[in-house]
Amino acid sequence: HLTTGAPTMSSNPVVDYHVVYALAMIVFAVVAAGETWGLARIWDRLPVVRTTPWLR
């Protein structure tokens with residue numbers, strides 16, 4: 001329950017969906033999902049990305 005006494009409408013009081021989404025994004029970043037399913041190859045070919053390596 002919230003501080004006002006209203007129910008939170010959450011199905012799981014321990015793990016919030018924000019935590020699940022954050023973990024999913026971390027997993028996608030670690031396994032380089034952009035190389036397989038995303039636009040990483042096109043992004044790497046852009047001139048501005050080639051000159052500034054921190055954008056990779």
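**Exercise 1. Give the order of the secondary-structure elements, then decide whether the chain is a compact globule or more spread out.**

Solution. Read from the N terminus, the elements follow the order α-α-α-α. The model is a predicted one. Counting the elements gives four helices and zero strands. Next, take the radius of gyration, which is 19 Å for the chain. For 56 residues the globule rule gives 10 Å, and the value for the chain is well over that, so the chain is more spread out than a compact globule.

**Exercise 2. State what the C-alpha trace spans along its principal axes, and what percentage of the residues count as buried.**

Solution. Along the principal axes, the C-alpha trace spans about 55 × 20 × 15 Å. For burial, the cut-off is under 20% relative accessible area. By that cut-off, 5% of the 56 residues are buried. The accessible surface of the chain amounts to about 5200 Å². Carbon and sulfur atoms account for 70% of that surface.

**Exercise 3. Compare the reach of helix H1 with its expected span, and describe what follows the helix.**

Solution. Helix H1 covers residues 17-30, a run of 14 residues. From first C-alpha to last, H1 reaches 20 Å. At 1.5 Å a residue, 20 Å is expected, and the reach of H1 is close to this. After H1 comes alanine 32, with a positive phi near 55°.

**Exercise 4. Locate the "transmembrane region" of the UniProt record and describe its secondary structure in the model.**

Solution. The unreviewed UniProt entry places this feature at residues 20-40. In the model, residues 20-40 are 81% helix and 0% strand. The end C-alpha atoms of this span are 24 Å apart.

Note on methods:
Residues are numbered from 1 along each chain as its sequence is written. This is a predicted model: local features need pLDDT of at least 70, side-chain atom pairs count only at pLDDT 80 or more; totals for chains, interfaces and linings use all residues. Side-chain values use heavy atoms; hydrogens and water are left out. Helices (H or I, at least four residues) and strands (E, at least two) are DSSP runs, numbered from the N terminus. The radius of gyration is taken over C-alpha atoms; the globule rule is 2.2 Å times the number of residues to the power 0.38. Buried means under 20% relative accessible area, exposed over 50%, partly exposed in between (1.4 Å probe, protein chains only). Accessible areas come from the Shrake-Rupley method with a 1.4 Å probe; for residues, only the protein chains shown count as cover. The expected span of a helix is 1.5 Å times one less than its number of residues. UniProt positions are given in the numbering used here, feature names are shortened, and annotations may be inferred rather than shown by experiment.
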